[in-house]
Amino acid sequence: MTEAIEEAILQHLAPAPDATIEDTFPWAASNNFDHNAVVGSVKSLSVEAYVSATELSTSFYTLSKEAQGVLQHGSHEVRVLRALVQAGQDGLTMADLQSQVGGKDVCKIGMGNCMKHKWAKKDGDKLVALLGVKDVTDETQGQLQKVQEANGVLNGILNDKEINLLKRRKLISLVTRKSYSVVRGKDYMPKRVKKAADLTKEMLDSGEWKTMPFKPYNFLTLGEKVGGGYLHPLLKVRAEFRKILMQMGFQEMPTNKWVESSFWNFDSLFQPQSHPARDAHDTFFIKEPASTVSVPEDYFQRVKDMHERGGAGSIGYRYDFKREEAFKNLLRTHTTAISSQMLYKLANQPGGFQPARYFSIDRVFRNETMDATHLCEFHQVEGLVADYDLSLGDLIGTIETFFKKIGITQLRFKPAFNPYTEPSMEIFGYHPDLKKWTEIGNSGMFRPEMLAPMGLPENVRVIAWGLSLERPTMIKYRIKNIRDLFGHKVEMARTRTAPICRFDNVTA
């Protein structure tokens, strides 16, 4: 259809250089074309200068559906008067009148105008005619007939008062129609030749490029502006946590290795090989490569002995420690796998042990059922301090200092059990929005059975604590479903519009 319209336009302008389409609207009607399609073709031809178009604006009045009824049956007031005349001197009640004229609106408007023109009067609960139908003139119907005969272009046919009255009664409405006057353009041809936008391999192979007209290239135009990247809300909170921990004197651990051996993830932490967390229902094991290549052999033997026979005041777990179980590869279930490696290096570095503070913020993996608050992968924030003669008071003080720096001042600690810490504590913080205490982390002192095989001095203690990155991020950005924060369902707009992360440092 588009090609047919374009051809008709160009052929209409072909007979003479001054040939013109005066108005595309009547031209489209005379050629049985949709006017909107004609306008689209005119604009397309104008782009390549086949034609030149001037916009026309025509204003006219159209009749409403109600006005069509007035033309057919008379105005509301005349219809009311006709019903009253037929009823005679007895008149009609409102209910009877409504049924006679065909509706509440017709009755209400018609009765009001009859009373206004003194065509009828009230007699108790009835309305009685004062004049006959032949005694009045239906001015409204006559005005609408004039509008119809003039095709809505009044030009003095009705005065402003009459027009405004019809508009107020919503019988007519003003419409502005956009159309075009069309003449030949500077590149007019009686038939349109499509110009190529790109030079293709096929054109080069066939030689068609030599005669093919091309669209003009604008070598001065600028490309579309490339927007910058945006930090995900998790990364914003992560950056703030890193800054806080570094201000507290912590050094970041290298946590870029997601695959770990069961030895570093479980065994070095004094977690027995029969522990439920090591089951495939809780941990993602790697199929290929299924096993690690090596671990420090002397350290492995000390860990094995600790599990089987105990030491450092412990009797161990009294079971047969299996090498093949320790060498299984898995997606790490916590960043404590890195902490154990860092502590081993700290114990065996040249010059001997030196006190240290470490932290990490990275991804961990658990084989969990996904819901609004749980995913199979999440980010763990972990901190540890290794020094001589540390106590539970040092752990509580360090935790309170960190949480004060992120604006949480009300903390509670609850005794808990962890395989590799003793004593262990769950950390609860008061949530001012939820108005209740919620668990926000876990903590403890690493067991001697874990530290002794590493070669750390006997009076060295290690305090540690951890929390997820997602939970404080969800609280900070008021996100209720974790899948709206992390995963394939995250809206990109949320990432672009998320405000900066700033935690108020409460020092009091």
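Strand β11 (residues 411-418) and strand β12 (residues 421-431) run antiparallel and are joined by seven bridges. The structure described here is a predicted model.

The peptide bond leading from E422 to P423 is cis, with omega near 0°.

## R447 and its surroundings

R447 occupies the loop between β13 (436-446) and α17 (448-451). Its relative accessible area is 17%, and because buried means under 20%, R447 counts as buried. Leaving aside residues up to four places away in sequence, R447 touches F270, P419, Y420, T421 and E422.

The side chain of R447 also makes a polar contact of 3.0 Å with the side chain of E449. T409 lies 38 residues from R447 along the chain, and the C-alpha atoms of the two are separated by 28 Å.

## The second largest pocket

The second largest pocket holds about 410 Å³ of space. Its lining consists of 19 residues, and K116, H117, E139, T140 and L165 are those nearest the centre. By class, the lining comprises eight charged, eight polar and three nonpolar residues.

Helices α5 (76-87), α7 (104-116), α8 (139-149) and α9 (160-168) each contribute at least two residues to this lining. The greatest contribution comes from α9, with five residues.

## Helix α1

In helix α1 (residues 2-12), the residues I5, E6, A8, I9 and L10 are buried.

## Backbone features in loops

A cis peptide bond runs from E288 to P289, with omega near -5°. P289 belongs to the loop between α12 (262-265) and α13 (297-308).

The loop between α13 and α14 (323-326) contains A312. Phi of A312 is positive, near 55°, although this residue is not a glycine. R318 is likewise placed in the loop between α13 and α14. R318, also a residue other than glycine, has a positive phi of about 60°. Is R318 buried or exposed? R318 is exposed, because its relative accessibility of 57% is over 50%.

Methods: Residues are numbered from 1 along each chain as its sequence is written. This is a predicted model: local features need pLDDT of at least 70, side-chain atom pairs count only at pLDDT 80 or more; totals for chains, interfaces and linings use all residues. Side-chain values use heavy atoms; hydrogens and water are left out. On a 1 Å grid over the protein atoms alone, a cavity is a set of points where a 1.4 Å probe fits but cannot get out, and a pocket is an open set with protein on both sides within 12 Å along at least five of seven lines; lining residues have an atom within 4 Å of a point. Grid points are joined across faces, edges and corners, and a volume is the space filled by probe spheres set on the points. Helices (H or I, at least four residues) and strands (E, at least two) are DSSP runs, numbered from the N terminus. Ala, Val, Leu, Ile, Met, Phe, Trp, Tyr, Cys and Pro count as nonpolar, Asp, Glu, Lys and Arg as charged, and the others, Gly among them, as polar. Two strands pair if DSSP finds at least two bridges between them. Buried means under 20% relative accessible area, exposed over 50%, partly exposed in between (1.4 Å probe, protein chains only). Contact means heavy atoms within 4.5 Å. A polar contact is a pair of N or O atoms within 3.5 Å; within protein, one must be able to donate a hydrogen and the other to accept it, and residues adjacent in sequence count only if both atoms are side-chain atoms.
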